[in-house]
Amino acid sequence: MRLRNVLIVVKDIEKSRKFYHDLFGLDMILDNDGNMILTEGLVLQDEKIWKQFLGREILPESNACELYFEEKDIEGFVKKLEELYPDIQYVNRLMTHSWGQKVVRFYDLDGNLIEVGTPIGEN
């Protein structure tokens, strides 16, 4: 068995596609009308469709999971994030953990938690 994709729920699939392209360089592989597959295995699911599947409300900023990305030039990434998305909501701004890894945590446009960190052992 293999994990094939990670799916996140979004309100505006096109805005989210742009967000993940702008910041992480992810490109669209397939657009299936409310279900969009991006490179690296990220799937964007339209919130309306997801609510129909589950029959439950969506809880943005639930803090139950996060998308984790690694970036060697984290200062450059933070600068790009601040320039392109100045209103982004941070959980923590750029910080350095006791083991030397630099990280920033923030929510995407729909309250999905994202962490970007420097590769461990390459700081």
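Helix α3, which spans residues 74-84 in this predicted model, has four buried residues, namely Ile-74, Phe-77, Val-78 and Leu-81. These four lie on the same side of α3, because they cover an arc of only 100 degrees around the helix axis. Aromatic rings are a second topic of this briefing, and the structure holds eight aromatic pairs.

- An α-helix has 3.6 residues a turn, so residues three or four places apart point the same way.

**Aromatic rings**

- Among the eight aromatic pairs of the structure is that of Phe-19 and Tyr-85, whose ring centres are 4.9 Å apart and whose planes stand at 70 degrees, so the pair is edge-to-face.
- Phe-19 belongs to helix α1 and Tyr-85 to the loop between α3 and β6, so their pair ties together parts that are 66 residues apart in sequence.
- Phe-19 has a relative accessibility of 1% and therefore counts as buried, and Tyr-85, at 14% relative accessibility, also counts as buried, because the cut-off for a buried residue is under 20%.
- One aromatic cluster is formed by Phe-19, Tyr-20, Phe-24, Phe-69, Phe-77, Tyr-85, Tyr-90 and Phe-106; Phe-77, a member of this cluster, is also one of the buried residues of α3.

Key: Residues numbered from 1 in each chain as written. Predicted model: local features only at pLDDT ≥ 70, side-chain atom pairs only at ≥ 80, totals over all residues. Heavy atoms only, no water. Buried < 20%, exposed > 50% of the residue type's maximum accessible area, 1.4 Å probe, protein only. Helix = DSSP H or I, 4+ residues; strand = E, 2+ residues; numbered from the N terminus. Arc of directions from axis to C-beta. Phe/Tyr/Trp six-rings, centres within 6.5 Å; stacked < 30°, edge-to-face > 60°.
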